[in-house]
Amino acid sequence: MKSLPIFFSRLLILVIYFVGFSILHAQQKLESYVASTASYFEASSAYTQASQHYLLLSTFPNLEKFHAEAWYNQVKLSALRNSKVVKKELDQFLVLHPTTNLSENTTVDIADLYFAHADYSKSMQWFDKTEDHTLFSFDRPAFNFKKAYSYFSGNQYKLAKPYFEKLTQTIKYATDANYYLGFIAYQFEEYEAANDNLAKLTTLKDRIDIRYFQSNMYFNAGDFERAIELGKASLVYADPIQYSELSKIIGESYFNLGDYKKALTYLLDYKGKNGRWSNTDYYQLGYVYYRLTSFSKAIEQFNRIIEGEDEIAQNAYYHLADSYLKTNQQTAALNAFKRASEMAFDLFIREDALLNYARLSYSLGNSYERPSTVIERFLSDYPSHKEASRMESLLLDYYMVTQNFETALALLNTFSLNRFPKQRQQVFYQLASLRYRLGEFNDSIELYQSALGAHTNSNVKALSYYWMAQAFFEIDNYSTGIDAMKNAYKQTAFNTLDEYKFYHYNIGYAYFQSKNYAFAITNFELFLAQNDYPAEYESDARLRLADSYFGQGDYLSASIAYAHANKIVSEQSDYLLYQQAISNGYINQSQEKITLLITLTESFPDSDLVDDSIFEIAKIYAEQKDYTQSELYYQKLIDEFLISELRPNALLNIGLDFFNQGKNVKASDKLRQIVIEYPQISLVQQAVQTLKEISVEQNSVEEFSEWMSNVETTTLSEGEIERAAFQAIERLIDNNQAEDAITALRDYTSRYPEGLDVLRAYFLLGELNFKKGQWEEALLSFTYVVEKQPNSYSEQAFVRMTEIYKGLDRVEEAISVWKHLEKVAKYEENRRFAQSNLMLAYYRLADYKEAIAYVELILSLDQLEDQIRWDAYYVWAKSAEALQDRPLQIMAFKELENAPQPERVVEALYFAAEEKNRNGAFENSNLIIERIAQDFGDYPYWGAKSLLLMSKNFYQLGDAFQATFILESIVKNFTQFSDLIEQANIDLAKIKAIESNQNTSIKPNIDNNE
């Protein structure tokens, strides 16, 4: 509501007064009513209303006798309301009323007015305008005391002192004057004078706190023994508040004398100011416990100091850190050392704190910054420190542990070659091994050679030769690789390494790949003569041994080796059975060959070798003139394997067998079937030639000619042209000429729409466009392939289509294809591919129940690929979380702690830490978070989120320092995560609000919304 203009305000007041007159029956005089009302408002501190009433007294002529006093009172009220205008109003008053007795002590009145309202800074300004000798009717002692006290309150002790000295002989003010003079002398470190003044009070009973004051004075003067003596003497007569304060003086005096055992008793009796301690109080008690080696109790005191930017706080954090170390709380020590290292009040403490912070960062990990950054900061700030060389070594080790080998090598290059020779060789070796794992084999070879050039460690030298050999094998340089492997073998240290047991296997494999089967056989046999090789290597070694015999043409030994291998290598037994059968065929053991092939077809009906086995059986029977059996097996292949590459051969062979038996009608049927179904393959020419011979024998040449004229087939030369065209395309693909190959494939599919290789052409066209990222064009090609199913490319095409749909974020279409592939897939890996992707797709679409159904299906499969397994557990965990199925979520995340993907492990560990927190196991929760900090520094979000949880754990454990330090560090170091910053600020405000109830040094943020 806006205030009324002055005129209307006055008018309103008049109305009120007239009403007041009627109520008071008019016998009460106007002037006394107004004057008393003004005084009432002034006494009530309602200065604005009082001023309006005094103004009214000066308005009307019949109230003239009140004018001067009313104006004077208004001046005083102005002083209280607005000190800026009071000087001007006072000057006006003195001009208009020069003779009134009110002007005699005007400035003193105003000063006294401010003094009465405890506004000593303003009262001092007005007392300065008058000296006591100029006063007429004013109480000079009272004036001197008020003026002295105004100066004293403003810490202007030199100005206060002479006025207090004037009062030492005045009965009313002598006690106070001596007390304040003693205090002033004490402030100026004039302790003898202070003691003299205070001694005058001991005979008076007015100052019961004098001994406390004297004790405190001696304490501040550094006379701790005298402070203790006086303090103890006063304890007997002290009330609870004085007892607490005296205990503090005595305890702190013992503290400064280094008698921590005695200090402890008295410091514990201190109750604080209004029940609250300060940072200094907590530091002193904590340091006493620290010096008495009660480190757990020291921690309880030090960690109450959660807000402080001074030397006391830095000392507290440093000794808190050391107390944590001595109680084996290393992560907590890291935090406290970090805090102490960030302050520069005590440079020695800062230096040592940073050194310890760097050491602990290296050994424990660091969630706030990379350990390498901390070590680098220490080396930069203190390059001549006696621990500098050791810290440089730690820095190198850290780079190597974190596989930051490039940076480690760059650091090594800043040193002379004779420094850190062991680390130099390790860096070359590790960097070479990293390049090897990335498939960069040529680079790895160069780096292994560099490691060999710094051969201070015999083990690393042997390993460098060994893995360099493996790199040569990977680029098919077997001869050089064999030489390197032999050099590894020559190293004395090699036979102590795990790689030693694989020497003969690796070099045998290299000889096998080089088709040097004799040396391959020798080394595989030497390898198998050992007893400490892994089972999977035995399986492969026996297989390659048999293949070496086969390659050498020793089919009898090959057959025996395949049979031996087949007892061990169950997952490859279809191949082994087939190879053993073929070997038996070469040594004329036809019946054994047939038996093995029949076993293969019955035991492995889904094997890719079934049609080959049936064809071989049919051939053997045909060679034995057992045409009944050969016809049976050829016909089985023709009827059941419609897309087999051997089907046209089976039709030709059975047709020729019928022709040789004189069964020309049957022969003609089979041979004509080839011509009709496979018009563009070379076998057609032999079929046509045989049909021509049959027509001659049966005198049906004219009928044969008419039939041929109606058959769409090509001459041999046309087929050869087509085949040559496709071979040219394959050559372009082999030479990585993708653009030319795409053009050629389009030309081929246009020119030969019914060509023998048209399906392969469309598939290759789709593959090339897929690799180029031309997904829509690739889809057209793959769609053509799958529409012609079943064929040997349809499943691969289905897989590619789903990858494209997935890449285009057309998940619904991808699901449709995966569902179809799941039903029709001939190959188990394609079925699993479909199922794993369906699991992921349903999870993405938030269909968690369907996702879990596929998880359970996938996890029930045998020989599951690791990637699929861990995907399944992750989907299980997150789907269970969405469905609020806590037991299932716990189980799945527990499995994920062992996953090979660190991003999943760190999330699983966070969940485990959170679960411990939920169950009140705060220390165990922190242990898990420490592991996250140490092993997963490359995942800052989970690191920050874990720290937020760790803060809660520490506060539940009663460690306010750790809780607040962690929260402040989150706010400072993880600004990219706004959600975590917001929560950290909320938690920090809550903790400070609680702790401020016990610690006067803490200023809670009252504006923070909880």
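The protein contains 54 helices and 0 strands, where helices (H or I, at least four residues) and strands (E, at least two) are DSSP runs numbered from the N terminus. The structure is a predicted model, in which local features need pLDDT of at least 70 and side-chain atom pairs count only at pLDDT 80 or more, while totals for chains, interfaces and linings use all residues. Residues are numbered from 1 along each chain as its sequence is written, and side-chain values use heavy atoms, with hydrogens and water left out.

The mean pLDDT (the predictor's confidence in each residue, from 0 to 100) is 83 for the protein, and 85% of its residues reach 70 or more. Confidence is highest in helix H18 (residues 311–326), at a mean of 96, and lowest in helix H1 (residues 6–23), at 40. Over residues 1–28, pLDDT stays under 50, and the model has 17 contacts beyond four places in sequence for this segment, a contact being defined by heavy atoms within 4.5 Å. Residues 204–208 likewise stay under 50, with 7 contacts beyond four places in sequence. Where pLDDT is low, the predicted coordinates should not be read in detail.

Of the 1010 residues, 50% count as buried; buried denotes under 20% relative accessible area, exposed over 50%, and partly exposed the range in between (1.4 Å probe, protein chains only). The accessible surface amounts to about 50,600 Å², and carbon and sulfur atoms account for 50% of that area; accessible areas come from the Shrake-Rupley method with a 1.4 Å probe, and for residues only the protein chains shown count as cover. Among contacts between residues at least 6 apart in sequence, 50% join residues at least 24 apart.

Helix H28 (residues 503–513) is largely enclosed by the rest of the structure, because 9 of its 11 residues are buried. These buried residues are Tyr 503, His 504, Tyr 505, Asn 506, Ile 507, Gly 508, Ala 510, Tyr 511 and Phe 512. They pack against helix H26 (458–474), helix H27 (478–490), H29 and helix H30 (535–552). Just after H28, Lys 515 adopts a positive phi of about 65 degrees. Leu 528, in helix H29 (residues 517–528), is buried at a relative accessible area of 11%. Its C-alpha lies 8.5 Å from that of Tyr 505, a residue 23 positions away in sequence. Beyond its neighbours within four places in sequence, Leu 528 contacts Tyr 533, Glu 538, Ala 541, Arg 542 and Leu 545.

Aromatic pairs were also examined. The whole structure holds 66 such pairs, in which rings of Phe, Tyr and Trp (its six-membered ring) have centres within 6.5 Å, with planes under 30 degrees apart counted as stacked, over 60 as edge-to-face and the rest as tilted. Tyr 941 is partly exposed, with a relative accessible area of 27%, whereas Trp 942 is buried at 18%. Ring pairs also link Tyr 436, Phe 441, Tyr 466, Trp 467, Tyr 489, Phe 494, Tyr 500 and Tyr 503 into a cluster; Tyr 503 is among the buried residues of H28.

Helix H38 (residues 683–697) comprises 15 residues and spans 21 Å from its first C-alpha to its last, close to the 21 Å expected at 1.5 Å a residue, the expected span being 1.5 Å times one less than the number of residues. Its buried positions are Leu 683, Val 684, Ala 687, Val 688, Thr 690, Leu 691, Ile 694 and Ser 695. Viewed down the axis of H38, these buried residues fall within an arc of 165 degrees, so they line one face of the helix; the arc is that of the directions from the helix axis to the C-beta atoms. On the other side of H38, Val 696 and Glu 697 are exposed. The buried residues pack against helix H36 (647–660), helix H37 (664–677) and helix H39 (701–709). Asn 699, which follows H38, has a positive phi near 55 degrees.

Two further buried positions were characterised individually. Leu 600, in helix H33 (residues 590–603), is buried at 0% relative accessibility. Residues up to four places away in sequence aside, Leu 600 touches Asp 574, Leu 577, Tyr 578, Ser 607, Leu 609, Val 610 and Ser 613. Glu 897 occupies the loop between helix H49 (886–896) and helix H50 (902–918) and is buried, with a relative accessible area of 17%. Apart from neighbours within four places in sequence, Glu 897 contacts Val 905, Ala 908, Leu 909, Ala 912 and Arg 931.
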